[in-house]
Structure formats: C-alpha cells, structure tokens
Amino acid sequence: MKTISLLVIILLVKGYTAAQGNVVIRERFKFKDTVEIDKYSPLNNGFSAIKLKMNPGEYNIQNLNDFRLLKGVAITGVDLVYSDFPVGTDFSELNRKRILELNMHLPEAFNSEIIEWRIVKQTGVAQTGGIQNYFHGIVVYYRPMPTFEEEHEEILSVIEGNAPLKDSSIIKVMQRNSHWKDMLVVCDVTGSMAPYTTQILFWINSNQAIKSFKQIIFFNDDEELSNNQIAELDSAGIWDIETSNTKKVIKTALSAMERGGHYENNLEAVCYAIKKYPENKSNVIMIADNWENPCDMKLLEFLKKEKIPIRIIVCGVVDAINPIYLDIAYATGGSVHTMEGDLREVAKIGEGKIIKFGKQRFRMSKGTFQPI
C-alpha cells in the first residue's frame with residue numbers, strides 16, 4: 001500500500017464539451033491511500049454507495065441515469081477502480097480522463113476537503129483472467145437523504161422513549177461542558193441532521209432543570225443567497241423559540257425540517273440570533289453538519305468585527321473534520337467540539353503552527369487551517 005498525502009492534478013482538455021472549446025480544471029485531491037487488492041468490493045463504511053460503471057480501458061460512464069440518485073445528497077467518498085492488466089501498464093492517463101468524466105457529471109465530488117478519495121488497483125486479473133468479471137469505474141459513497149416522514153418518526157420515537165438514540169455526539173459534548181448555561185443555540189436541521197436534532201430535543205426534554213439552553217434557532221434555508229441580516233431581521237429559512245416549553249420546541253423543529261430547503265445558512269442564522277437576542281450574544285452555540293459547507297461565509301467578516309465567539313459542535317465527523325468550522329472558530333474567537341474532543345481558544349493558534357485535532361493535523365496559514 002502506498003501513501004500519497006497530496007496530489008495536484010491540472011487537466012487541460014480541448015473540445016471536451018459541445019458548449020466550450022476548452023475546459024480547464026484545476027482541482028486538489030487528497031488521496032488517503034492508493035490501494036492494491038486482488039478484486040475490489042465497496043467499503044462497508046456505513047454510507048450508501050453507487051457504482052458508476054466503465055468498460056476496461058475506457059472512461060465513459062455506462063449508467064448515467066444513476067446520477068439522479070446522487071442529487072442533493074452529501075458525498076463522503078470516491079473510489080476510482082481499475083485493473084493492472086496488462087501488468088505494468090501506465091494507467092495514469094486513463095484515470096485522469098475518468099476523473100474528468102466524473103467532474104463533468106458530478107462536480108460536487110470535488111468541492112470538499114473531507115471527501116475521501118482512493119485509487120484502487122486490482123491485481124487479480126493476471127492470475128484469474130476474465131477481466132469482465134472485475135468492476136471498473138468509480139464508486140461514490142454518500143449519505144442518503146431521508147424523507148421528512150422518516151425524520152419525524154425517528155425524532156418522536158426517541159423523545160417518547162420507544163427507540164434509543166442512534167448517535168450521542170451532542171450529548172457527550174454537553175456532558176463534557178456542563179458549565180454551559182443559558183446558551184443561544186443555532187441548529188442545522190437540513191438534510192440528514194435528524195439524529196442530531198433528536199439529541200438536542202432529547203437533551204432539552206431530559207434536562208429542563210439544568211437550563212443549558214435558553215433560546216434555539218433552527219435553520220434550513222430554501223435560497224442559496226442568504227440575506228445578510230444586517231439591515232433588518234429576515235426570518236426566511238429561520239425559526240426561533242424559547243426553550244422553556246419542550247412541546248413547542250419540538251413542534252418548531254419539525255416545522256423547520258418540513259418547510260425549509262437544503263441550504264446551510266449557518267452564519268445568517270447566527271446574525272439573526274444575536275440581533276433577536278442581543279442580551280445572550282456571548283453564549284452562541286452552532287450545531288453544524290460536518291459534510292456540508294455554510295452557503296453564507298461572506299457574513300464571517302461581520303461576525304468577526306462584532307467579536308461574537310461561536311462554540312461549534314460539529315456533527316457527523318467520522319475520520320476527518322471539515323476545516324471550514326475551524327476557520328469560523330478562529331475568526332470569531334470561538335471553539336470547536338466533536339464527540340471525541342474539544343478544541344478551545346482556537347484564535348490563539350499562531351501563524352504557521354501545526355495542531356492535531358482528532359486523527360488530523362492542520363497548519364494555520366493566513367487565517368485558515370490547511371489539512372496536512
């Protein structure tokens with residue numbers, strides 16, 4: 001097994017599309033491993049997978065209709081699979097074209113630092129023959145999008161004591177930080193956040209006497225260009241409520257999940273929260289989805305000037321944390337929290353310093369955390 005920490009690919013293809021004579025794509029891919037294996041099978045990693053089939057030696061995807069299954073989902077990993085046959089042949093040009101083919105149909109597979117890419121070389125053909133019996137192409141791992149009915153049932157089953165929690169990320173963070181009181185919570189309820197929304201509601205329902213939370217703002221926008229909230233309050237894609245009445249909180253959460261869209265207007269919701277509840281602006285907690293990026297990062301400079309420290313609980317972290325949340329914490333003087341640990345006083349991390357958080361290392365460079 002060979003380890004490749006960073007691969008920079010610059011693709012220049014002429015006449016690849018009918019719409020453009022030239023296509024230039026510059027992408028950075030982080031390959032955790034280049035895997036050599038007799039015969040490939042998809043990982044059993046808890047995510048769903050789609051096989052995009054290609055004939056041996058070719059780069060055209062045979063089952064283009066399957067891309068409809070990937071619409072609106074969070075992509076978590078990509079395997080590019082080929083066979084070392086004839087043995088010793090250089091397949092780098094073929095694999096380059098296969099990557100470009102995927103980019104043309106699924107650019108979302110290239111837009112996040114935490115999507116795990118692997119190149120998988122099958123070596124068994126030389127011994128067994130029958131190359132058509134081996135898979136060739138690309139496998140896309142993704143987190144499926146549940147229906148609102150499924151999310152609704154999951155939440156109520158846990159709250160009513162009929163089912164256990166599927167995840168305990170937020171619960172563990174709250175237990176480690178029991179000194180947090182009267183927090184102003186800004187919570188993502190888009191897409192597949194139901195397990196984490198369930199934990200928030202479960203915590204509120206079970207810990208009324210502790211008073212960890214005072215107000216909660218659910219966000220789930222239906223427009224990518226979020227209002228900046230600076231001129232006036234805009235409640236589109238935002239639902240807020242005091243946490244003293246659990247039944248009303250649950251009702252509000254379900255309404256936000258059902259009526260919202262699928263844009264992560266994290267920072268817009270924070271701006272809304274501190275304007276609506278200015279007396280509590282120093283106690284902001286953001287509940288964020290590790291697999292999605294906020295669509296409104298333009299608002300970060302405003303929050304930085306306002307000196308609003310944001311404590312960020314990042315949900316759905318498996319092996320890699322999305323560095324964008326480290327950047328938000330750094331800019332605002334906040335902190336980052338996962339099920340496994342807490343990273344406090346992020347703003348004090350100096351230029352060029354290398355830190356370790358979870359299984360990853362990052363280098364601070366000009367206000368952003370670069371994965372190493």
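Me: Hi! Which residue stands opposite Ser335 in β13?
Reply: Hello! That would be Arg311. One thing to keep in mind as we go: this is a predicted model.

Me: Thanks. How do strand β12 and strand β13 pair, in the parallel or the antiparallel sense?
Reply: They pair in the parallel sense, over three bridges. Strand β12 covers residues 310–315, and strand β13 covers residues 335–337.

Me: What is the order of the strands in the open sheet?
Reply: Seven strands make up this open sheet, in the order β10-β9-β8-β11-β12-β13-β14, and the pairing is mixed.

Me: Which strands stand at the edges?
Reply: Those are β10 (238–242) and β14 (342–343). Each has a single partner strand, so one side of each is left without a neighbour in the sheet.

Me: Which strands does helix α5 touch?
Reply: Helix α5, residues 194–206, packs on the sheet and touches β8, β9, β11 and β12. The direction of helix α5 makes about 160 degrees with that of β9.

Me: What about helix α9, which strands does that one touch?
Reply: Helix α9 (residues 323–332) also packs on the sheet, where it touches β11, β12, β13 and β14. The angle between the directions of helix α9 and β12 is about 170 degrees.

Me: New topic! How many salt bridges are there?
Reply: The count comes to 11 salt bridges. As background, side chains of opposite charge can pair when their charged atoms come close.

Me: Ok, which residue forms a salt bridge with Asp342?
Reply: Arg176 does, with the closest N and O atoms 2.8 Å apart. Asp342 lies in strand β14 and Arg176 in helix α4, so the pair ties together parts that are 166 residues apart in sequence.

Me: How accessible is Asp342, and what about Arg176?
Reply: Asp342 is partly exposed, with a relative accessible area of 24%. Arg176 also counts as partly exposed, at 32%.

Me: Where is the salt bridge partner of Asp240?
Reply: The partner is Lys276, and Lys276 sits in helix α7 (residues 266–276), while Asp240 is in strand β10. They are 36 residues apart in the chain, and the N to O distance is 2.8 Å. Asp240 has a relative accessible area of 22% and Lys276 has 35%, so Asp240 is partly exposed and Lys276 is as well.

Me: Which residue meets Lys359 in a salt bridge?
Reply: Asp319 does, at 3.1 Å from N to O. Asp319 is in the loop between β12 and α9, and Lys359 is in the loop between β15 and β16, 40 residues apart.

Me: Is Lys359 buried or exposed?
Reply: Lys359 is exposed, with a relative accessible area of 67%. Asp319 is partly exposed, at 33%.

Me: And which residues are joined into one network?
Reply: Arg176, Asp342 and Arg344 are, through salt bridges that share partners.

Me: Let's zoom out. How many helices and strands are there?
Reply: The protein chain has nine helices and 17 strands.

Me: How does the radius of gyration fit a compact globule?
Reply: With 372 residues, a compact globule would have a radius of gyration near 21 Å, and the protein chain has 23 Å, which agrees. The C-alpha trace spans about 70 × 50 × 40 Å along its principal axes.

Me: Last one: what share of the residues is buried?
Reply: Buried residues make up 50% of the 372 residues in the protein chain.

Definitions and conventions: Residues are numbered from 1 along each chain as its sequence is written. This is a predicted model: local features need pLDDT of at least 70, side-chain atom pairs count only at pLDDT 80 or more; totals for chains, interfaces and linings use all residues. Side-chain values use heavy atoms; hydrogens and water are left out. Two strands pair if DSSP finds at least two bridges between them. Helices (H or I, at least four residues) and strands (E, at least two) are DSSP runs, numbered from the N terminus. Contact means heavy atoms within 4.5 Å. Axes are lines fitted to C-alpha atoms, for helices over the stretch in contact, and angles run from 0 to 180 degrees between N-to-C directions. A salt bridge is a side-chain nitrogen of Lys or Arg within 4 Å of a carboxyl oxygen of Asp or Glu. Buried means under 20% relative accessible area, exposed over 50%, partly exposed in between (1.4 Å probe, protein chains only). The radius of gyration is taken over C-alpha atoms; the globule rule is 2.2 Å times the number of residues to the power 0.38.
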